[in-house]
2 protein chains.
Amino acid sequence: MVFDLPAWCADIDVETARTDPTDQIRLAVELAERNVATGSGGPFGAAIFEIESGRLVSCGVNMVVPSKSPIAHAEIVAITRACEATETFDLGAPGVPAMALATSTEPCAMCFGAVPWSGVRRLITSARDAEAREIGFDEGPKMADWKQALERRGIEVITDVERQLGADVLREYAARGGLLYNGRGGH
Amino acid sequence: MVFDLPAWCADIDVETARTDPTDQIRLAVELAERNVATGSGGPFGAAIFEIESGRLVSCGVNMVVPSKSPIAHAEIVAITRACEATETFDLGAPGVPAMALATSTEPCAMCFGAVPWSGVRRLITSARDAEAREIGFDEGPKMADWKQALERRGIEVITDVERQLGADVLREYAARGGLLYNGRGGH
């Protein structure tokens, strides 16, 4: 099972190594921006990198509406594609290079829960959860100390990287009247 | 994007209406049991029903190991298949019959977060989260009041239905030495 990315993702530079979390976030935000600009989904992008080499392992964009799947969030797409590329259900398995997930907005409740299962060892985020809620997304019930909960599992969390860039994509989506695909029709 | 079910799922009785939550849970537990007995995945099963008619909309079983995907939990499989069958990203959209998700064990942190996005209006569970943790699964960081958090979103939660049946499947998986597919090799 794999999510196919929008056609424009073929333009993404997959050759350049990105070891700096800021460069990793810039790619995640670029994916979100282009997803909004092309109308291929919600205002969220994510990417997975090998921490040491900086190699790009996978990209993800939000595709809930076009794929008619409520789980097609950018992080889930990036995780499933990274697992397929690596042929493992655990990106943190022995023998697999340690990986980081960069995402253009802090994860929603579902994607937060997916992070420990995925095996990534670092999570890097741009816009805040509150900024997604401000434009009308129900990011779900999340514990106040979600960062610490991941850190207790040995997953490093780096937040607010280029926060303004990530937040700008959310606001652009709202300004364009982008669909809020909350469950139960938003009620 | 869709998860293909194991071949034995073709035997499941999809014609009988099941309006009683106990009958709905019995099907979810049967799916879990047969998944363990046939070695097709982890000890978890789930199914989605129309609440009023009792019509079975979709089935799911855990397929993390065979599909090499950490998100292939029974609930995610059932949700994605129900959305595909219903051609919607929101099973609670106007015009769609209200739906219940029955699952053989209380949802992990990821599946808990997926429930509000899915649009289901009722969650029914059998074994407890603690019983999955007892056999070694890391069900992830979950808020203590997760039931209330769903209820605050208008999602009815019915727990402990045939709890012993669901818990027995977990213990059978452990007794058979079933793989614990926790992230980061369990560390």
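Good morning. I begin with helix α7 of chain B, which spans residues 163–175. This helix has 13 residues and reaches 18 Å from its first C-alpha to its last, close to the 18 Å expected at 1.5 Å a residue. Please keep in mind throughout that this is a predicted model.

Which residues of α7(B) are buried? They are B:Gly166, B:Ala167, B:Val169, B:Leu170 and B:Tyr173. These residues cover an arc of only 150 degrees around the axis, which puts them on the same side of α7(B). A general point applies here: with 3.6 residues a turn in an α-helix, residues three or four places apart point the same way. In chain B, the buried residues of α7(B) pack against α1 (21–38), β3 (99–105), β4 (122–127) and α5 (129–134). On the face turned away from the buried side, α7(B) carries the exposed residues B:Gln164 and B:Ala175. After the helix comes B:Gly177, with a positive phi near 75 degrees.

I turn to helix α1 of chain A, residues 21–38. Its 18 residues reach 26 Å from the first C-alpha to the last, close to the 26 Å expected at 1.5 Å a residue. The buried residues in α1(A) are A:Gln24, A:Ile25, A:Arg26, A:Leu27, A:Ala28, A:Val29, A:Leu31, A:Ala32, A:Asn35 and A:Val36. α1(A) is followed by A:Gly39, whose phi is positive, near 70 degrees.

Next, the core. The largest nonpolar core has 118 residues, and within it A:Ala47 and B:Ala47 touch the most other members. What does B:Ala47 touch, not counting residues up to four places away in sequence? The list is B:Gln24, B:Leu27, B:Ala28, B:Leu31, B:Leu56, B:Ser58, B:Cys59, B:Gly60, B:Ala78 and B:Ala102.

Is B:Val61 buried or exposed? B:Val61 counts as buried, because 31 C-beta neighbours lie inside 10 Å and the cut-off for burial is 20 or more. Leaving aside neighbours within four places in sequence, B:Val61 is in contact with B:Leu5, B:Pro6, B:Leu31, B:Asn35, B:Ser40, B:Gly41, B:Phe44, B:Gly45, B:Ala74 and B:Val77. B:Val61 and B:Met110 are 49 residues apart in sequence and 15 Å apart in space, C-alpha to C-alpha.

By contrast, B:Thr16 sits in the segment before α1 of chain B and counts as exposed, with 11 C-beta neighbours inside 10 Å. B:Thr16 and B:Gly54 are 38 residues apart in sequence, and their C-alpha atoms are 8.2 Å apart in space.

Two backbone details in chain A deserve a remark. In general, most residues other than glycine have a negative phi. A:Glu87, although not a glycine, has a positive phi of about 55 degrees. A:Glu87 lies in the loop between α3 (74–86) and β3 (99–105) of chain A, and A:Glu87 is exposed, with 8 other C-beta atoms within 10 Å. A:Glu162 is likewise not a glycine and has a positive phi of about 50 degrees. The place of A:Glu162 is the loop between β5 (156–158) and α7 (163–175) of chain A. A:Glu162 counts as buried, with 20 C-beta neighbours inside 10 Å.

Finally, I come to the two chains together. How many residues of chain A are in contact with chain B? There are 44, and they meet 44 residues of chain B. Elements giving two or more residues to this side of chain A are α2 (64–67), α3 and α4 (109–118). α4(A) gives the most, with 8 residues. By class, the side of chain A that touches chain B has 25 nonpolar, 13 polar and 6 charged residues.

A rotation of 180 degrees, with 0.0 Å of shift along its axis, superposes chain A on chain B at an RMSD of 0.0 Å. That is the relation of a two-fold axis. In chain A, the C-alpha nearest the axis belongs to A:Met110, 2.3 Å from it. Of the interface residues of chain A, 100% are also interface residues in chain B, so the copies meet through the same surface. Thank you.

Note on methods. Residues are numbered from 1 along each chain as its sequence is written. Chains are lettered from A and ligands numbered from 1 in the order in which they are written. This is a predicted model: local features need pLDDT of at least 70, side-chain atom pairs count only at pLDDT 80 or more; totals for chains, interfaces and linings use all residues. Copies are superposed by least squares on the C-alpha atoms of residues with pLDDT of at least 70 in both. Two residues are in contact if their C-beta atoms, placed from the backbone, lie within 7 Å. Helices (H or I, at least four residues) and strands (E, at least two) are DSSP runs, numbered from the N terminus. The expected span of a helix is 1.5 Å times one less than its number of residues. A residue is buried if 20 or more other C-beta atoms lie within 10 Å of its own, exposed if 12 or fewer, and partly exposed in between; C-beta atoms are placed from the backbone. The arc is that of the directions from the helix axis to the C-beta atoms. A nonpolar core is a set of buried Ala, Val, Leu, Ile, Met, Phe, Trp, Tyr and Cys residues joined through C-beta atoms within 7 Å. Ala, Val, Leu, Ile, Met, Phe, Trp, Tyr, Cys and Pro count as nonpolar, Asp, Glu, Lys and Arg as charged, and the others, Gly among them, as polar.
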